[in-house]
Amino acid sequence: PSTIYRHDGTKWIRHQRIDTNVARSCHHFRMGDNNYIAVANLGDSSTVYRYDAKKSQFVPALILQHEQAHDVEFFCVAADNGCYMALADKADAG
């Protein structure tokens, strides 16, 4: 598991534990009104978590199957109004 911390205005406090499997990288991104955290795990799957304001927690939104992810990046392309996520895994290592 990995820990998400929240700043309470004075100090950082533990907010939530999320399931990870040897997490190598994580990145926040925003689409519309939603906040996400994408976690690249060294195991056989990685998870994208969406913030649920009613629960005040990040909840699993998508599970990506792969082989040993090392990094995850999120980006938007203005030309086609699309948002993309790239996951570098063992297959990309050559």
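Colleague: What makes F75 partly exposed?

Modeller: In this predicted model, F75 has a relative accessible area of 38%, and because buried means under 20% relative accessible area and exposed over 50%, with partly exposed in between (1.4 Å probe, protein chains only), F75 is called partly exposed. Y84, at 36% relative accessibility, counts as partly exposed by that reasoning.

Colleague: Why is F29 called buried, and what is the value for Y36?

Modeller: F29 has 6% relative accessibility, so F29 counts as buried, and Y36 is buried with a relative accessible area of 13%.

Colleague: Why is the pair of F75 and Y84 called stacked?

Modeller: Rings of Phe, Tyr and Trp (its six-membered ring) pair if their centres lie within 6.5 Å, and planes under 30 degrees apart count as stacked, over 60 as edge-to-face and the rest as tilted. The ring centres of F75 and Y84 lie 5.8 Å apart and their planes stand at 20°, so this pair is stacked.

Colleague: How many aromatic pairs does the structure hold, and what makes F29 and Y36 a stacked one?

Modeller: There are 3 aromatic pairs; for F29 and Y36 the centres are 5.1 Å apart and the planes at 10°, so the pair is stacked.

Colleague: On what basis are these values computed, and which residues count?

Modeller: Residues are numbered from 1 along each chain as its sequence is written, and side-chain values use heavy atoms, with hydrogens and water left out. The model is predicted, and local features need pLDDT of at least 70, side-chain atom pairs count only at pLDDT 80 or more, while totals for chains, interfaces and linings use all residues.
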